[in-house]
Amino acid sequence: MARLDPHSHTDLSQPRQRHLSWKAEVDFAGRTVRATASLRFDRGGGPVDLDSRGLQLEQVTEPDGTPLRFELGEPDPILGQRLRITLPPGVNACVIRYRTGPEASALQWLEPEQTAGGKAPFLYSQCQAIHARSVVPLQDTPRLRITYDAELTLPAGLRGLMAAAAVDRVLQGERAVERYRMDEPIPPYLFAFAVGDLASRELGPRSRVWAEPSVVERAAHEFAGVDGMLTSAEALFGPYPWGRFDLLVLPPSFPYGGMENPRLTFLTPTLLTGDRSLVNVVAHELSHSWTGNMVSNASAEDFWLNEGFTVFAERRILEVLEGPDLVALHAAVGRQTLDEAVANFRDRPELTRLRTKLEGVDPDDAFSQVPYEKGYLFLRTLEEAVGGPAFDRFLKRYMDAFRFRSITTEELLELVRAELPGALEAVDAPRWIDGEGVPPGAPVARSSRLEQVEGLKAQLPPPEARDWSPWEWQVYLNHLPRPSPAELMTALDERFHLTEAPNPEVLVAWLTVAIRSGHAPAIQRAEAFLGEVGRMKYLKPLYAALIAGPGTRSLAEACARRYRKRYHVIAAAGVDALLRKGA
Ligand code: BES
Ligand code: ZN
């Protein structure tokens, strides 16, 4: 058998999926989705191996209702279960009736208390990298893109959203039936939906923001600039290929900052700071519309193609909107997080390559800032080698050559060889792609604002630091020694009230150094904050700081026990892994 993706049972010698028709009914009381998935393949006849995880299968038939043979394999902790269906000659479709399992890894079911409104339950999906199989049985590899149509049945008082075009909504007594369609071929990890008490505000001709009613005004204010972002992204990459660009602000347990679901980016409510200082996350998810969603990684082993290109694009957009000084600060913070990620992988340095080998490795465990920031630095290095205009032309060529395709690192390299001859040799690309760590001579961000902050070292910043952006604060705080003197922590807190910082990026950068320095107010604040948000970017460093800090390990254990039901399963697993490792 020809396995092409270490995280899928997909066999390329078998028929390949083309289209999914999904009919699903959301049952909040039973915490299950009852569904039929009709899959159409490029041809009929013979066995087809699908991915599934925890699904309770009821029936598999031909489209005309004739039962089909199927066989469910043994569960594998990473891959889930292989579902082998045998298609008769000439039959190129099957209909699978099933329910999602109680622990479906892509779904988070929230009780009303876990939402802002407190009255209605909430459900959302998060499929990247390999969780789509816990909601729909399919060939769960980004290599085999699908179009789909879907019908969601849900309680009439709630609203469903899918990362697709809305078709209509019809009331049927106590229930509503909503239909959607996705006509562009997507990798399965971009299949996404949410159900809850949701309202929307218009942001521009192509965008609106969705959130719970009590959050939606704040969200509309925060993201008012989205249309300007679309325009600058189009200048870089060409026309926006997905029609609409809508946003959905999720409840606080959403484990990521953002997720680039097509036509409907999912966002954490921690971006709602009131001062638009974290909208770079929107620029990032928007950039994925081209790099990631239109040109996708062929498997998690090429994840840097998605994230490295997207961080590059994000910073280009930021440069237009906020200027080069801010981008330098942003890139400097990125470099700090990269160095930290490389240090954290000292036992598994192979995970610091851009192109990884992930047979037997769960993509959620391999996740780090390396593909983001090392990928960004590699692209910046290439840009410096060939010059800005030539690199911009290359980017457009890349979008064009691989439009709606999923590619490997090798396919990118071939295009660079053809379009920018000599460039790979000039930057010693193999050292970047297959080498470990960060090559010496990687580009370093420079700006006067950055130099001022870096020049402070561990001195108390001047009073004007009250006006620092969150990126200046992060550069400064991440530089401080761990532990730092108690007097410095106290002085910083008195002068700048960092324990009450309204910006979560500043707050977490502060808490991580202050906890390690034994600063009591920070420990208390962390204890509360860990119960308020589920974004992994914040949970992981805070738990790591409590585990490593003086006398706070048992508090980390207590918080994990107390709050774990509030976290997404992926986040809870990440916290568990830290507690195990720190033992
Ligand atoms: N696609 C990622 C989120 C993701 C990665 C989900 C891997 C599941 C598996 C998204 O685009 C992302 O990178 N989000 C960042 C935003 C940041 C880099 C601006 C995040 O969540 O912090
Ligand atoms: Zn991303």
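Mentor: Let us begin with H497, which lies in the loop between α14 and α15 (504-516), where helices (H or I, at least four residues) and strands (E, at least two) are DSSP runs numbered from the N terminus. This is a predicted model, in which local features need pLDDT of at least 70 and side-chain atom pairs count only at pLDDT 80 or more, while totals for chains, interfaces and linings use all residues. Residues are numbered from 1 along each chain as its sequence is written, chains are lettered from A and ligands numbered from 1 in the order in which they are written, and side-chain values use heavy atoms, with hydrogens and water left out.

Trainee: Why is H497 called partly exposed?

Mentor: Its relative accessible area is 47%, and the term covers what falls between buried (under 20%) and exposed (over 50%), with a 1.4 Å probe and protein chains only; H497 is therefore partly exposed. Its phi is near 50°, a positive value in a residue other than glycine.

Trainee: And why does R263 count as buried?

Mentor: R263 has a relative accessibility of 17%, so it counts as buried. R263 sits in the loop between β18 (258-259) and β19 (264-267), and its phi, near 70°, is likewise positive in a residue other than glycine.

Trainee: What makes N293 buried, and which residues is it in contact with?

Mentor: At 2% relative accessibility, N293 counts as buried; it is found in the loop between α3 and β20 (295-297). Setting aside neighbours within four places in sequence, N293 is in contact (heavy atoms within 4.5 Å) with residues including R145, Y189, W242, E260 and H288.

Trainee: H288 leads me to the zinc ion (ligand 2): which atoms coordinate it?

Mentor: The coordinating atoms are H284 (NE2), H288 (NE2), E307 (OE) and E307 (OE), at 2.0 to 2.7 Å; donors are N, O and S atoms within 2.8 Å of the metal (3.2 Å for Na, K and Ca), and sites may look incomplete, as water is not among the atoms. The donor residues are spaced H-x3-H-x18-E in sequence. H284, in helix α3 (residues 280-287), and E307, in helix α4 (residues 303-322), are 23 residues apart and link distant parts of the chain, and both are buried.

Trainee: Why is the arrangement around the zinc ion (ligand 2) irregular?

Mentor: The six donor atoms subtend angles of 53 to 159°, which makes the arrangement irregular. Six donors count as octahedral if opposite ones are over 155 degrees apart and all others between 65 and 115; four count as square planar on those limits, or as tetrahedral if all angles lie between 85 and 135 degrees, and anything else is irregular.

Trainee: Why are α7 and α8 called oblique to each other?

Mentor: Helix α7 (residues 370-386) and helix α8 (residues 388-401) pack at about 125°, with axes 6 Å apart. Angles under 35 degrees count as roughly parallel, over 145 as roughly antiparallel, 65 to 115 as roughly perpendicular and the rest as oblique, so α7 and α8 are oblique. In the packing, L379, L382, E383 and V386 in α7 meet G388, A390 and F391 in α8.

Trainee: How do you know that the peptide bond joining Q128 and A129 is cis?

Mentor: Its omega is about 0°, and A129 is in the loop between β9 (122-125) and β10 (146-155). The bond from R482 to P483 is also cis, with omega near 0°.

Note on methods:
Axes are lines fitted to C-alpha atoms, for helices over the stretch in contact, and angles run from 0 to 180 degrees between N-to-C directions.
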